[in-house]
Amino acid sequence: MPSDSPIRKIIHVDMDAFYASVEQMDNPELKGKPLAVGGEGTRGVVSAASYEARKFGVRSAMSGVKARRLCPELLFVRPRFERYNEISKRVRAIFYDYTDLVEPLSLDEAYLDVTENKKGNPSASMLAEEIRMRIFNEVGLTASAGISVNKFIAKVASDYNKPNGQKTVNPEEILDFLEALDIRKFYGIGKVTAEKMYQKGIFTGTDLKSKTLEFLEANFGKSGKYYYHVVRGIHNSEVKPNRIRKSLAAERTFNENLSSEVFMLEKLDHIAGEVSKRLKRSKVAGKTVTLKIKYSDFTLQTRSKTVPYFISDKDVIMETTKELLYQEKLSNSVRLLGISLSNLNTEKKTKKIDQKVVSVQLKFEF
């Protein structure tokens with residue numbers, strides 16, 4: 001463990017196959033069966049897959065057609081985001097019983113800083129186990145957890161014993177843990193980057209650690225510095241309980257391509273309504289409206305306009321969206337439309353949270 005890095009006790013909690021698990025919980029007939037949340041048709045996309053479906057290779061972001069080909073018995077259900085949001089709030093309420101330093105990453109995962117916690121328990125591992133047990137008993141779902149001295153290692157560790165397990169990486173174990181890790185397991189290294197690393201002879205943490213900072217920056221740009229530090233266990237980002245939302249969006253992929261602006265306006269009206277609903281639910285408004293257009297050849301185009309005042313009303317959003325749609329002629333038929341609002345008024349509500357830095361001499365009990 002680098003001597004100049006602040007030592008914290010961080011838990012990363014990750015719900016197991018969250019959307020699919022909620023559907024199986026609400027409908028017992030789906031339990032134990034391969035399940036995909038998302039669309040089944042030629043334009044359908046898998047949003048989440050149960051562990052039974054993952055055994056066949058079904059993954060999120062996969063087309064519904066490919067998922068069906070991999071698993072002929074696959075069951076599809078439409079996503080119910082209001083229900084997932086409701087369950088997420090119940091899980092998050094459990095987190096706040098232990099610490100106010102909670103940083104949600106999405107509906108199904110969050111970082112918790114329990115260096116100083118409401119239970120007065122010095123063992124982060126015991127707290128993680130208790131939190132997971134409460135989620136199971138009070139909500140009915142399983143969760144996995146990673147525990148270590150910083151967010152990066154905790155995030156990587158939470159995937160180690162999935163599903164329904166946890167992994168603690170103590171300070172003295174960090175370097176050995178990272179050196180033995182497959183490069184694909186490093187948070188922040190995606191499929192494309194991993195392939196590039198393979199070409200450079202980087203397959204494990206040990207291989208990555210052998211490369212100089214100059215080599216990594218030359219081959220991976222600004223990310224090179226990040227890779228250089230995390231493989232050495234250095235990641236000083238604090239848990240930020242007030243992560244500020246930068247934008248809010250909704251989009252829809254169509255079963256058949258749209259070629260007429262008249263039909264698009266009808267679809268956009270529904271999307272604008274959804275964006276407005278989400279804005280009001282989150283009690284925010286924005287100034288910049290962006291129209292997202294994906295053509296039938298998968299070319300992506302965005303058009304944006306910033307208005308002089310904050311908006312959240314559906315009709316006002318739609319008025320600006322309509323202007324953006326007719327801004328220029330469409331180059332092809334359209335398979336996806338989306339609307340987002342950014343430049344939100346939340347950016348003016350940033351609050352600074354005082355957080356104590358723990359001395360590196362502190363004896364740790366994980």
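The structure is a predicted model in which local features need pLDDT of at least 70 and side-chain atom pairs count only at pLDDT 80 or more, while totals for chains, interfaces and linings use all residues. Residues are numbered from 1 along each chain as its sequence is written, and side-chain values use heavy atoms, with hydrogens and water left out.

Helices (DSSP runs of H or I, at least four residues) and strands (runs of E, at least two) are numbered from the N terminus. Helix α5 covers residues 124-138. At 1.5 Å a residue, its 15 residues should span 21 Å, and the end C-alpha atoms are 21 Å apart, which agrees. The expected span is 1.5 Å times one less than the number of residues. Buried residues (under 20% relative accessible area; exposed, over 50%; partly exposed, in between; 1.4 Å probe, protein chains only) in α5 include Ala124, Leu127, Ala128, Ile131 and Ile135, and also Arg132 and Arg134. An α-helix has 3.6 residues a turn, so residues three or four places apart point the same way. Just after α5, glycine 140 has a positive phi of about 100°.

Most residues other than glycine have a negative phi, and most peptide bonds are trans. Alanine 17 has a positive phi, near 45°, and lies in the loop between β1 (10-15) and α1 (18-26). This alanine 17 is buried, with a relative accessible area of 7%. Phenylalanine 298 also has a positive phi, of about 70°, in the loop between β10 (286-295) and β11 (300-311). Phenylalanine 298 is exposed, at 53% relative accessible area. The peptide bond between lysine 162 and proline 163 is cis, with omega about -10°; proline 163 is in the loop between α6 (151-158) and β8 (166-168).

A pocket is an open set of points on a 1 Å grid over the protein atoms alone, where a 1.4 Å probe fits, with protein on both sides within 12 Å along at least five of seven lines; lining residues have an atom within 4 Å of a point. The second largest pocket holds about 280 Å³, the volume being the space filled by probe spheres set on points joined across faces, edges and corners. Its lining has 15 residues, with Ser21, Gln24, Lys31, Leu141 and Thr142 nearest the centre. Helices α1 and α2 (51-54) each give two or more residues to this lining, and α1 supplies the largest share, three residues.
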